[in-house]
Amino acid sequence: MKLSFRWYGEDDPVSLEYIRQIPGMRSVVTAVYGVSPGQVWPEEALARLKHQCDANGLVFDVVESIPVSEDIKLGTEKRDEHLAVYCENIRRCARHGVKCITYNFMPVFDWTRTQLDKQAPDGSTSLVMYWDQLRSLDPLTDDIQLPGWDASYTQQEVRQLLCAYGRLGEEGLWRNLEVFLKAVIPVAEECGVLMALHPDDPPYSIFGLPRIITCEENLDRVLGIMDSPSNSLCFCTGSLGCARSNDIPAMVRKYSGMGRIGFMHMRNVKILSDGSFEECAHLSGCGSLDLYEIVKALVDTGFDGYVRPDHGRMIWGETGHPGYGLYDRALGAAYINGLFEACEKNLK
Ligand SMILES: [Mn+2]
């Protein structure tokens, strides 16, 4: 496996100088920020990222993410133009050494949480999603702003998007995903890039929006649309793991065995009795997921893709991007290293 770490660029309080000190760290996962979906990424910005990583002995070869515009997801009249830009961005990333590009196909909102700094008994804080907080909200009538949501939309725009996706429905979203994959996967193949689709977080409908990257049946369907190694998964254990019905170690074993996982996001999550969830430390004993069984499934199937510790808690007084501090993600990386070393030595 290739150990990697997400970096939000020069504004990230976590520096590359610190990231390189994590044992076994190889790759930087980043993106060109400040460019809207549907616009090309300047070559100079990509060259700069590569240079910054090189200067720190790290490899810039994973992008997270190139966002997919709502026009592509909705299939508006701007779709073809945005698809052409998307393909151009794949080519540009590849020219600067990128091998894996993450994206998601979630309508309107990225990940959904109700609080970003919920304090645990040990004093650490983490992201949580509590149904009793979410149920009381209705984006069609209330002016709500949840953490993680794109603040650039006005409430009126959010309502229009919600209505448009309501009309589109799940099958409409599937059709638009198919159009997207058929346009970008051949370009990715040509460039030697893996497109890694991140699951919906959490993997079920929120506010009636269609969500399709949610479960084994639907992941099978995605991979079947284009039977190409470039049509791969970013398997996020914490996102898929918020639904008890997803058997995460079994799914990892299956898709890694098929050679269809380009990128692993590894984190743990604690599912509560009403289906709410709390992000927690990576250690299996701290949450609902068995990280040992997940790593064992990867090692048994000869996984050679990218792995990164996903969201960490905020500990030791650190502040910064919620979920993306240095300390707890570094602890996660060390734990992941240990699990891989043990599983690999056991195999021999
Ligand atoms: Mn993830």
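**Figure 1. Strand S2 (residues 27–30) is covered on both faces.** Ser27 and Val29 are buried on one side, and Val28 and Thr30 are buried on the other. A residue is buried if 20 or more other C-beta atoms lie within 10 Å of its own, exposed if 12 or fewer, and partly exposed in between, with C-beta atoms placed from the backbone. Strands (E, at least two residues) and helices (H or I, at least four) are DSSP runs, numbered from the N terminus. The model is predicted: local features need pLDDT of at least 70, side-chain atom pairs count only at pLDDT 80 or more, and totals for chains, interfaces and linings use all residues. Residues are numbered from 1 along each chain as its sequence is written.

**Figure 2. Strand S2 pairs with S1 and with S3.** Two strands pair if DSSP finds at least two bridges between them. Strand S1 (residues 2–6) and S2 run parallel and share three bridges. Arg6 stands opposite Val29 in S2. Strand S3 (residues 59–64) is also parallel to S2, with four bridges. Here Ser27 stands opposite Val59 in S3. Strands of a sheet pair through backbone hydrogen bonds, either parallel or antiparallel.

**Figure 3. Strand S12 (residues 306–309) is covered on both faces.** Tyr306 and Arg308 are buried on one side. Val307 and Pro309 are buried on the other. In a regular strand the side chains alternate between the two faces of the sheet. S1 and S12 pair in the parallel sense over two bridges. The bridge partner of Leu3 in S12 is Val307. Strand S9 (residues 261–266) and S12 are likewise paired in the parallel sense, over four bridges. Val307 in S12 is the bridge partner of Met264. His265 stands opposite Arg308 in S12.

**Figure 4. Strand S9 is largely enclosed by the rest of the structure.** The reason is burial: six of the six residues of S9 are buried, so the strand is largely enclosed. Strand S8 (residues 231–236) pairs with S9 in the parallel sense over four bridges. Phe235 has Met264 in S9 as its bridge partner. Met264 also has a bridge partner in S12, namely Val307.

**Figure 5. Four strands form an open sheet.** The order is S5-S6-S11-S10, and the pairing is antiparallel. S5 and strand S10 (268–271) are the edge strands, each pairing on one side only. From one strand to the next, the twist averages 40°. S10 and strand S11 (residues 277–280) are joined by four bridges in the antiparallel sense. Val269 has Glu279 in S11 as its bridge partner.

**Figure 6. Helix H9 (residues 248–257) packs against H10.** Two packed helices are described by the angle between their axes and the distance between the axes. The axes of H9 and H10 come within 8 Å and cross at roughly 15°. Axes are lines fitted to C-alpha atoms, for helices over the stretch in contact, and angles run from 0 to 180 degrees between N-to-C directions. H9 and H10 are therefore roughly parallel to each other. Angles under 35 degrees count as roughly parallel, over 145 as roughly antiparallel, 65 to 115 as roughly perpendicular and the rest as oblique. The crossing of H9 and H10 is right-handed; the term applies if the near helix is turned clockwise from the far one by less than a right angle, and left-handed if anticlockwise. From H9, the contact takes in Ile248, Pro249, Val252, Arg253 and Ser256. From H10, it takes in Glu293, Ile294, Ala297, Leu298 and Asp300. Residues are in contact if their C-beta atoms, placed from the backbone, lie within 7 Å. By class, this contact has six nonpolar, one polar and three charged residues. Ala, Val, Leu, Ile, Met, Phe, Trp, Tyr, Cys and Pro count as nonpolar, Asp, Glu, Lys and Arg as charged, and the others, Gly among them, as polar.

**Figure 7. Helix H10 (residues 291–300) packs against helix H11 (residues 327–347).** Their axes lie 9 Å apart, at an angle of about 50°. That makes H10 oblique to H11. The crossing of H10 and H11 is right-handed. Leu291, Tyr292, Val295, Lys296 and Val299 in H10 meet Leu339, Phe340, Cys343, Glu344 and Leu347 in H11. Eight nonpolar, no polar and two charged residues make up the contact of H10 with H11.

**Figure 8. Trp111 sits in a loop between two strands.** The strands are S4 (100–104) and S5 (115–119). Trp111 counts as buried because it has 21 C-beta neighbours inside 10 Å. Trp111 and Leu197 are 86 residues apart in sequence. In space they are 14 Å apart, C-alpha to C-alpha.

Conventions. Contact = placed C-beta atoms within 7 Å.
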